[in-house]
Amino acid sequence: MEIYGDEYFMKLALQEARKAEEMGEVPIGAVITHGDRLLARCHNSTEMLTDVTAHAEILAITSASQNLNSKYLGDCTLYVSLEPCVMCASALRWSQIGRVVYATADEKAGFMRYGKELLHPKTKLEMGIMMEESAKLLKTFFANRRR
């Protein structure tokens with residue numbers, strides 16, 4: 001049994017998403033790992049920081065890069081609760097991250113509308129881990145905001 005597998009790290013990303021929700025942020029969370037080592041744990045902070053670029057993925061890239069003392073994350077994996085947007089996918093490309101795992105698709109703003117080519121050519125991509133939990137969290141958040 002693998003203790004620190006994809007589901008374990010995606011659960012951590014969803015914990016971060018719940019923190020974002022509690023703060024009134026869009027509930028998206030991200031973690032970056034290097035093997036079994038957790039390098040970064042972040043959530044959307046655009047409202048708190050008054051910064052449209054403060055997406056969970058961007059903050060996680062910064063934290064992981066500082067933790068490794070390297071701008072390149074080729075041996076790392078990003079786990080994120082929602083498909084990254086184009087801005088985040090571009091930042092992931094520049095970081096040369098080795099692998100991206102996301103829970104649920106973002107039909108409106110996800111980078112896959114433009115193709116996997118937005119990521120670095122060596123980046124492996126996986127999706128659908130804990131998709132239902134992530135989708136439910138997002139749907140509930142936006143339904144509550146419309147009330």
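In this predicted model, a salt bridge joins the side chains of Glu7 and Lys11, with an N to O distance of 3.8 Å. Both residues belong to helix 1, where they stand four residues apart, about one turn of the helix. Glu7 is partly exposed, at 46% relative accessibility, and Lys11 is also partly exposed, at 41%.

Helix 1 holds a further pair, Glu16 and Lys19, which are three residues apart, about one turn of the helix. Glu16 counts as buried because its relative accessibility is 2%, under the 20% limit. Lys19, by contrast, is partly exposed, with a relative accessible area of 38%.

A salt bridge also connects the side chains of Arg99 and Glu126. This pair links distant parts of the chain, since Arg99 lies in strand 4 and Glu126 in strand 5, 27 residues apart. Arg99 is buried, with a relative accessible area of 15%, whereas Glu126 is partly exposed at 30%. Together with Asp6, Arg99 and Glu126 form a network of salt bridges. The count of salt bridges in the model comes to five, and the table gives the pairs described above.

| Salt bridge | Distance, N to O |
|---|---|
| Glu7 and Lys11 | 3.8 Å |
| Glu16 and Lys19 | 2.9 Å |
| Arg99 and Glu126 | 2.8 Å |

Ile3 is found in the segment before helix 1, which spans residues 6-22. With 59% relative accessibility, Ile3 is exposed, because the limit for that class is over 50%.

Helix 4, residues 86-95, has four buried residues listed by name: Cys88, Ala89, Leu92 and Ser95. They lie on the same side of helix 4, because they cover an arc of only 120° around the axis. Their cover includes helix 3 (56-68), strand 3 (77-82) and strand 4 (99-104). After helix 4 comes Gln96, which has a positive phi, near 60°.

Ala109 is located in the loop between strand 4 and strand 5, the latter comprising residues 124-127. Its relative accessible area of 38% makes Ala109 partly exposed. Ala109 and Glu83 are 26 residues apart in sequence, and the distance between them in space is 8.5 Å, C-alpha to C-alpha. When neighbours within four places in sequence are left aside, Ala109 is in contact with Pro84, Cys85 and Val86.

Technical notes
Residues are numbered from 1 along each chain as its sequence is written. This is a predicted model: local features need pLDDT of at least 70, side-chain atom pairs count only at pLDDT 80 or more; totals for chains, interfaces and linings use all residues. Side-chain values use heavy atoms; hydrogens and water are left out. Buried means under 20% relative accessible area, exposed over 50%, partly exposed in between (1.4 Å probe, protein chains only). Helices (H or I, at least four residues) and strands (E, at least two) are DSSP runs, numbered from the N terminus. The arc is that of the directions from the helix axis to the C-beta atoms. Contact means heavy atoms within 4.5 Å. A salt bridge is a side-chain nitrogen of Lys or Arg within 4 Å of a carboxyl oxygen of Asp or Glu.
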